[in-house]
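Subject: The model we talked about

Hi there,

Here is the structure I promised to pass along. Please open it next to your notes, and then read on for what turned up.

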Amino acid sequence: MSFSRNISHYISRYDLMYHDGFYLVALSGGADSVALLCVLRELGYRLEAVHCNFHLRGEESNRDENFCVSLCSQMNIPLHRAHFDTQLYAETHKVSIEMAARELRYRYFERLRDDMNAAGICVAHHRDDQVETVLLNLVRGTGLMGLQGMKPKNGYILRPMLAVSKAQILTYLSDIHQEFVTDSTNLEDDVMRNKLRLKVIPLLEEMNPSVADNILRMTENLCEAGKVVDTAIRKNIEKLRQTDGSYDLAALEGLASPSYTLWALLSPYGFNRVQTMEILANERSGAHWQSEDYVSIVERGSLYLFKKEDWERVPPLLKIPETGIYIYSFGWSGKTDCGRKSQEMKFHLTIESVRNEFQINRSEAVANLDADKVKFPLTIRPVREGDRFVPFGMKGSKLVSDFLTDLKVGLLTRRRQLVVTDVDDNIIWLVGRRIDNRFAINLRSTSRVLIILMI
């Protein structure tokens with residue numbers, strides 16, 4: 001089977017590309033990406049190329065860019081170029097050079113794909129890369145997913161050349177008399193992947209010339225097994241999910257593999273295996289763990305997941321010296337503690353005399369309080385740990401956290417719950433939910449009513 005037919009068959013097998021679609025091709029100037037651009041053009045796909053200059057190899061980086069410009073000009077294919085200060089990015093974000101280049105490259109690819117409404121981004125990973133990836137994952141320590149290697153399609157990232165080897169790529173380029181550039185760092189064995197490529201794999205091939213084919217066959221078998229496992233895990237995770245979006249940790253005990261199920265739930269949010277095992281073993285309410293972007297909280301046997309920026313964003317304080325209209329700004333979009341989709345709320349405070357025709361407004365958006373018992377200035381603030389109040393209709397005090405838990409209020413909403421307090425920091429109103437019984441009106445004895453209306 002010819003090189004191009006092999007690629008075409010692989011694309012069809014995994015439903016990767018369509019001839020009426022528009023695709024971006026990641027072009028470094030090396031043999032792999034040049035072959036990818038040439039073969040996809042030969043197969044009739046509508047393409048534009050993308051080149052990233054990471055400025056890591058001095059003049060060699062500029063040589064690669066100039067080669068890509070010349071190649072795309074000859075092939076009449078539009079070329080998009082991006083320049084990055086990769087070293088500065090790595091130092092700023094405290095990541096390796098390799099990770100910095102990867103993050104910059106894929107972030108740019110996705111932004112460009114979205115702007116141009118491309119159907120996918122084609123990258124030049126081939127069969128040998130797949131073998132290296134599986135072995136690298138194995139050396140670092142991996143599970144079922146790592147042994148499956150790279151997927152032919154991962155979101156918008158497409159890998160049409162996973163079925164061909166480096167040798168086949170070089171033969172193809174030679175047959176069509178197509179030049180390419182060579183990255184000198186690929187010939188050095190000072191990074192782990194290159195050590196595998198230059199030392200370990202050749203040694204394995206001495207032991208068994210079919211080792212690459214065997215590893216690829218294993219990844220394909222594991223991918224099929226992975227589909228079965230993924231389906232079962234998704235069902236398990238749904239069994240754990242509760243109505244408020246949290247997860248029932250106690251229910252894990254009844255599943256076939258509690259640790260793997262929890263790992264499958266948490267790993268997409270950036271949590272590692274050590275954290276997963278700690279969460280599985282922890283029963284202390286209020287314990288929490290952080291990944292780069294998320295916070296996980298264990299609360300009364302339930303696991304909550306929040307974006308870190310949402311969890312750390314706490315409502316501000318607002319002082320109210322007297323009656324009037326006050327605007328309370330949250331500083332974020334989304335639902336407030338009262339369920340309203342707004343970045344601000346208005347509080348209208350008035351004092352009225354109690355007359356025979358006075359009617360108590362029962363709306364949750366209104367607080368009717370005995371004005372003679374309330375001492376200004378008031379404060380609107382988020383609830384704090386240890387806050388207590390006497391819920392209307394009760395005689396004894398209760399922790400606000402317990403009151404909200406009894407109402408089955410979600411953890412993040414509880415954290416953002418607002419209260420109105422008097423000059424002595426007594427809670428007079430749990431906003432949108434319940435007034436404090438000590439400040440309630442009595443139509444037989446109250447002469448003035450403080451009305452707080454949440455608009």
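First, some housekeeping. This is a predicted model, in which local features need pLDDT of at least 70, side-chain atom pairs count only at pLDDT 80 or more, and totals for chains, interfaces and linings use all residues. Residues are numbered from 1 along each chain as its sequence is written, and side-chain values use heavy atoms, with hydrogens and water left out.

**Aromatic rings**

The structure contains 10 aromatic pairs (rings of Phe, Tyr and Trp, the last by its six-membered ring, with centres within 6.5 Å; planes under 30 degrees apart are stacked, over 60 edge-to-face, the rest tilted). Tyr-106 and Phe-109 are an edge-to-face pair, because their planes stand at 85° with the centres 5.8 Å apart. The two sit three residues apart in helix 5 (residues 97-116), so about one helical turn separates them (helices are DSSP runs of H or I with at least four residues, strands are E runs with at least two, and both are numbered from the N terminus). Tyr-106 is buried at 18% relative accessible area, and Phe-109 is buried at 4% (buried is under 20%, exposed over 50%, partly exposed in between, with a 1.4 Å probe and protein chains only).

Phe-306 and Trp-311 are stacked, with 5.2 Å between centres and 10° between planes; both residues are buried. Arg-415 lies over the face of Trp-311, 4.0 Å from the ring centre (the criterion is NZ of Lys or CZ of Arg within 6 Å of the centre and within 35 degrees of the ring normal). Arg-113 lies over the face of Tyr-156 at 3.4 Å from the ring centre. Phe-54, Phe-84 and Tyr-108 form one aromatic cluster.

**Tyr-304**

Tyr-304 belongs to strand 10 (residues 302-307) and is buried, with a relative accessible area of 8%. Leaving aside residues up to four places away in sequence, Tyr-304 touches Asp-244, Ser-246, Val-295, Ser-296, Ile-297, Glu-299, Leu-411 and Arg-414 (contact means heavy atoms within 4.5 Å). Between Tyr-304 and Leu-430 there are 23 Å in space, C-alpha to C-alpha, and the two are 126 residues apart in sequence.

Happy browsing!
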